[in-house]
Amino acid sequence: MRRLVQAIPTIILIMIGSFLLIKLAPGDTVDALVGDMGGADPAFVARLRAEYGLDQSVFVQLWRYMLKLVQLDFGWSYVYEQPVIEVLMSRLANTLLLMVSSLVVAFTFGVALGAIAARRAYSWTDNMISTLGLVFYAMPSFFLSLLLILIFSVKLGWLPVGGIRTIGAFKTGWADVADVARHLVMPTAALSLIYLAFYMRLMRTSVLEVMDLDFVRTARAKGAGGARLMFHHVMRNALLPVVTLLGLQFSTVLGGSVVVETIFSLPGIGQLAYTSVVKRDLNTLMGIIALSSIIVVIVNVLTDLIYAWLDPRIELK
Amino acid sequence: MTHPDTSVASRPLPAASPAPIALPDIDLAQTRSLVLWRRFRRNRAALLGLILFVAVVLMAALADVVTPGDPLRIAGSPLTDPLTVASNPWGTDQLGRDIMSGIFHGARISLAIGVVATVISIAIGVVIGAVAGYFGGRIDGALMRVTEAFQTIPSFVLLLTLVAIFGSSIEIIVIAIGIVSWTAPARMVRAEFMSLRRREFVDAARNLGVSDMSIIFREILPNALPPVVVFASVVMANSILMESALAFLGLGDPNYASWGNMIGQGRAVLRTAWFCSVIPGVAILLTVLSFSLMGEGLNDALNPRQKR
């Protein structure tokens, strides 16, 4: 709970910031409307401004803007001719699906590979894994996406190039699930690889550090060995920094989904951000910022909960 | 945390109090950088990074000598395969632009954007982190809320928004990348300052009546800087990745040859001419790799605990 309260000033700051950005952008709503109409006389423009509250002082406008945001009213999208919140909600599920699958892949493989590398520190296996991690880290997601498309769609023809479902197939039940999964394989791989590299490296250092601690020696002296020592004693403690990073990086993953969703034409929030930039749909763009901030705050609270579960010494109060 | 002086392990005093006598200080700095270089050189991966980095710098410097002329001009028949025509050794794209020329000139843009954006982000980060860490209390609280706000917004989305509002000229892009990536250095500097501000040499300076500003920038900052310099390599790699992603999406400055842009345009001919996007992709990969390798090598060289 306290974490949520702490997040309030941050959210307020983001609201003020996005309001200032809208104000800094050249032209306002009325300019856009009048431009669409092909011009209007000054008296009408002034009346429109009064109607939209644009003649009020900046502070009154800011207050109204924040009141609207609190009610999740992000305004009207002039590109989609829909309230922004509806546009966002129709795409949120796809983005969350992509992010969760990417993070699960990155976390599972990252932690496993990192632990293996640390178990055999400075061996051939470790060098192999660590080098691979550096290459993964340096690989831009858009380049990786193109390579995947080149290999698995163009050359081999195994996976679909883009979209979330096969168009016109209208599958139901498990067939539909399998179809969506097939469409998500390449985007997930492209988005998760760089984070996989992060988690792997952190897990490796973390396991190396924990293995030197006294309680591990005690556990070993008591006769715990092999798998039990690794999973029960070492991994559980070594996971703590990785979980922290997971929470911290959630917003970067959201940012990364812009590129990946655009390439694979997945109808999600990231692709929406790109089209909004191209079509100058500022209301939608600000809605995306607000929505993703809320998601990030929620994820941070969840991370704290996981953290407390992993480490009983930390209390939630 | 990593501290510069502990790398010279035999010295009894841990804090790097700026010595009043100038001569031994210079001497010490020289031996220190020598030790650092020796430790860096031992690391084969870091050396590889350095070689790659020098190669990229040479490409940027020699772009006008090796591949003279505008890289965006038509230099051959479209979609020439690599290694078939002597004047276009790496082939041409669908508009007949020479790929090698694009790579060499693109190295300039990538490096320039990387360096300037990194300087901007580190500068903002150092000022905010230093002030927050040194003064603490309310100032710290307020500055940390701002930092958190910037960390909460996905940085790439913020970058897109800034570019959407202020336009996509190269100056705006550089500044925008700096604005979205200062939070991590700020946190780092803040942590360093919080641990350093209670040290004796800071108290001594304060008792001498040195102003807050010069304590921050002349006494504490030099001691807090080494980990930040190492981290700059990460920021640099990230800046280059962000710029290329932006250019890939077609939102970069169209007046300059950029690796990201080349990949983005090569995407249209991926089926028939994979080299159009693969060559610049490998260029980005190797450049970013060089920064990670060097950063890692520097980190190991500066960190006295990692001796093996």
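Buried residues make up 37% of the 317 residues in chain A, where a residue is buried if 20 or more other C-beta atoms lie within 10 Å of its own, exposed if 12 or fewer, and partly exposed in between, with C-beta atoms placed from the backbone. This is a predicted model, in which local features need pLDDT of at least 70 and side-chain atom pairs count only at pLDDT 80 or more, while totals for chains, interfaces and linings use all residues. Residues are numbered from 1 along each chain as its sequence is written, and chains are lettered from A and ligands numbered from 1 in the order in which they are written.

The predictor gives the complex an ipTM of 0.83 and a pTM of 0.82. For chain B the mean pLDDT is 80, and 87% of the residues score at least 70; pLDDT is the predictor's confidence in each residue, from 0 to 100. Where pLDDT is low, the predicted coordinates should not be read in detail.

Chain A comes next. It has twelve helices and two strands; helices (H or I, at least four residues) and strands (E, at least two) are DSSP runs, numbered from the N terminus. Read from the N terminus, the order of elements in chain A is α-α-α-α-β-β-α-α-α-α-α-α-α-α. The C-alpha trace of chain A spans about 85 × 55 × 35 Å along its principal axes. Of the contacts in chain A with a separation of 6 or more, 71% are between residues 24 or more positions apart. Two residues are in contact if their C-beta atoms, placed from the backbone, lie within 7 Å.

Chain A is assigned domain 1 (2–73) and domain 2 (90–310), with bounds that come from an automatic or database domain assignment. The C-alpha centres of these two domains of chain A lie 36 Å apart. Where they meet, nine residues of domain 1 of chain A are in contact with nine residues of domain 2 of chain A. H1(A) supplies the largest share of the domain 1 side, seven residues. By class, that side of domain 1 of chain A has seven nonpolar, one polar and one charged residues. Here Ala, Val, Leu, Ile, Met, Phe, Trp, Tyr, Cys and Pro count as nonpolar, Asp, Glu, Lys and Arg as charged, and the others, Gly among them, as polar.

Between the chains, the contact takes 39 residues from chain A and 35 residues from chain B. On the side of chain A, the elements that give two or more residues are helix H1 (2–24), helix H6 (124–138), helix H7 (141–155), helix H10 (226–263), helix H11 (269–278) and helix H12 (282–310). The largest share of that side, eight residues, comes from H10(A). The residues of chain A that touch chain B divide into 29 nonpolar, nine polar and one charged.

Phi of Ser265(A) is near 40 degrees, a positive value in a residue other than glycine. Most residues other than glycine have a negative phi. Ser265(A) counts as partly exposed because it has 14 C-beta neighbours inside 10 Å.

Within chain B, the axes of helix H4 (residues 99–135) and helix H8 (residues 183–196) come within 7 Å and cross at roughly 35 degrees. Axes are lines fitted to C-alpha atoms, for helices over the stretch in contact, and angles run from 0 to 180 degrees between N-to-C directions. The contact of H4(B) with H8(B) includes Ser121(B) and Tyr134(B) in H4(B), and Pro185(B) and Met194(B) in H8(B). By class, this contact has 13 nonpolar, four polar and three charged residues.

Two residues of chain B can be set side by side. Met294(B) lies in helix H12 of chain B and counts as buried because it has 25 C-beta neighbours inside 10 Å. Leaving aside residues up to four places away in sequence, Met294(B) touches Ala46(B), Gly49(B), Leu50(B), Phe53(B) and Ser233(B). Thr272(B) is found in the loop between helix H11 (259–266) and helix H12 (275–302) of chain B. Thr272(B) is exposed because it has 10 other C-beta atoms within 10 Å.
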